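Let's take a walk through a protein model together.

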Amino acid sequence: MNNFCLNDRWRVLGEEDESENAYVDFPYDALVFRERDYSKASGFRNGFYRSETFEVEKKIEFPKAEKLFLEIEGAMQFADVFVGESCVATITNPCKYTIDVSDYAGGKHTVALKFVSAQHASRYTGLGISGGIKFVQADSPLYIDNDGVTVTTAQLENKTELLCRVDVVNDDAAAKKFTAAVQIKNARGRRVTKKTHKFRIAANSRKSFYVPLRLARRYEWSRADAYLYCAQVSLIRDEKTLDCAETSFGVRTAVLDKSGFMLSGRKTPLYGACLSHDCGAVGRCSVPPAEMRKASAVKASGFNAVRFVGVPSEAALDALDKTGLMCIADLFDCLGQPKETGDGHEFFGHDFKRIIESSVKTLRKHPCVIAYGIADCPPESYGRGRGAMLAREIAESIRVYDDTRFTVAAATELIPSADEMIKLGVRADKVRAAKDDGTLLSLSREKNVFRDLTADWFAAADVAGYSNLYQRYQSDLLAGDLKILGTASRPDRVFETAEETERNGVIGDFVRPAVDMLGSAEKGDGFGGKRCTDNGDLDLTLKRRPRSIYREICRGAKNLSVIVIPDPEDESGETETKDGWNLPRFLGKPVTVKVYTGGDVVALYLDGKLVGRKLAGKMNRHIATFRINYYPGRLEAVSFRKGAECCRCFTETASSPKNIKLFCEDKNVSLGGGNMAFVEIAVTDKEGRPVTRAQREVEVTVSGDGMLYALTNADPYLSSPASVKMLPVYEGRAFAAVRGTREGKMTVKVSGEGLSSGKITVKVKP
């Protein structure tokens, strides 16, 4: 099927002028450019963004075609689609939505998209389209279905056996005979094998056909080498090519056995990161550079897998394919029972079967996807509503479209109702005497209510997903025939979760959140509240936090260490100071220094002078804790393992802010498609050391053939929208997204009062 992109130049309704602000290109998230509303008590779930509407339209020449579809990927949050005056679709889920517009083929029509975001959503929703919009056209009544080609590895032997699945549609009134020609190309575009098969399809039907192939020589897809092949499929009849399609794939097997998860025959524990769908500064605008940057940062932090609630965009999946990260995607956040008001449960029964089909067809093409999640800990996991019956129905529907990957049913510990507890044998008088949820929860644990209530839910899937329940691993594995995966562990329980996961042979563990995300934050102190989480391994700009290194250490890394300075004013000692080793108010006073390390012993030096030695290792949770008097200088920690140095790290006192330093990983950006470049902004002293305590305001200007798209920092309490051109740095840093307006080059200049400005040039390619 032929694709025609429609992303460019959509007019924003309500804009009266004809400036560039009156037009947007998809992908686009309008919500990050809006003001926040801090008056709503539950607004922290959606980053304190108000419920907003956003409407665009475009006059489009519809091509002539036998079949014509309008495909929208990533509509946020709810959307109505109009062709002319007719509403042709109402979208309630961000997965791909394909609309048959064959009746409009060959004419010129106005297409309007009307979006609305939710006020009380359970997480950041965005407003617009995160993926894109395009025509999908078939010029023959016999054609390959959309997302209808997928290649799986049947087995890995001397000659690798592949199986190419092709979903074919015949809209003709007569049966058709045809030939399916499949060829496989390597990463260099050279053909490595081909095969043709003859098939027959009945009239007015759709059917899946399978073509077996062999590779004499293979390169496997893995985290170390994410090698991708390309499969091209053509439907041929009477020596004429009726339709063609292609997809990339990786050679790998992914199975579960008694020893755990096996990737291409090798046992592979899953070290996972739960990710949100937003990309920080640009919201849920999912463009390849942003998704690649995000995936690369997650991989560099030591993770080998990610988990999404909801289907990630094609750009995100492509980035995971290219970086070698494995992926588990929950098809639904909630089912028919509410987790909280406004979470979308009321729309579940509307088209959940279409969502399953669309989601699985999107996911199954990508080698990164190793499993499908049913839903993210819904109330149905306790048998409420249709409960396990619904879980079985979803799992069976998944297998219709893909039976090569396993399924996960996730649950967390809920507050059981009085009737549920009494039914399971808890004394009625004790239940009635319980005065709060904490007492009810304690009673439920005495009778192991969780295991009884979730038994049918877990039985519907291949793997039981435990969310924040590492304490149950040992007892539940001993009590029943379960395969357990930690689907969402708490970031402040790194050591305990790693211990229980390794000790009990759990398939793996996913931390939530691994990257700070818009919305879903706990309510903050004071008037403002938080627009984003601030407890991830990576902050909103993808800067790595010490807890990320600590996580790798707890999982067995021996050559890593990092110095952490707890905030001297925090009595709990759990909060890291944002000033680093810059504490002038505590000159000569005792402060705490922690060293997260893979070593057994740590020697701490200040300006080359030994100030102490402390034990670390497993017995001390891989932390060496010192109490020393603060003096400015270079603080260095040298770690030893079995008497030999294994790693060292340092932190330094910075002087006053002096310069602005810019960094852009990719200084080439393409026009169109929402492509953009990302510029990291750091305030440094005259020696180039980052000044984390700096609170200077910086201004970003873009000259030449580009424009400033968004500007933000990692401050969870930042109130300004992404459209500003000036804002204060946070922990000495800020972050800008820029995009090209025409072929050439653009210069990004960042200046601030009392600071030497920084410049960087980015090329804009066609």
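A word on the model first: it is predicted, so local features need pLDDT of at least 70 and side-chain atom pairs count only at pLDDT 80 or more, while totals for chains, interfaces and linings use all residues. Residues are numbered from 1 along each chain as its sequence is written, and side-chain values use heavy atoms, with hydrogens and water left out.

Let's start inside. In soluble globular proteins, nonpolar side chains tend to be buried together. A nonpolar core here is a set of buried Ala, Val, Leu, Ile, Met, Phe, Trp, Tyr and Cys residues joined through side-chain atoms within 4.5 Å. Buried means under 20% relative accessible area, exposed means over 50%, and partly exposed lies in between (1.4 Å probe, protein chains only). The largest core has 83 residues, and Leu-270 and Phe-332 touch the most other members. Leaving aside residues up to four places away in sequence, Leu-270 touches several residues, including Phe-261, Met-326, Ile-370 and Phe-510; contact means heavy atoms within 4.5 Å. Apart from this core lies another, of 51 residues, among them Ala-30, Ile-72, Phe-135 and Tyr-709.

Now look at strand S7, residues 78-83. Helices (H or I, at least four residues) and strands (E, at least two) are DSSP runs, numbered from the N terminus. Five of the six residues of S7 are buried, so the strand is largely enclosed by the rest of the structure. Which strands pair with S7? Two strands pair if DSSP finds at least two bridges between them. S7 pairs in the antiparallel sense with S10 (residues 108-116) over six bridges, and Ala-79 stands opposite Phe-115 there. S7 also pairs in the antiparallel sense with S8 (residues 86-91), over five bridges, with Thr-90 as the bridge partner of Asp-80. Two residues lie between the strands in the S7 and S8 hairpin, where Gly-84 takes a positive phi near 65°.

Is Glu-574 buried or exposed? Glu-574 sits in the loop between strand S30 (561-564) and strand S31 (590-597), and it is exposed, with a relative accessible area of 65%. Glu-574 and Asp-492 are 82 residues apart in sequence, and their C-alpha atoms are 9.7 Å apart in space.
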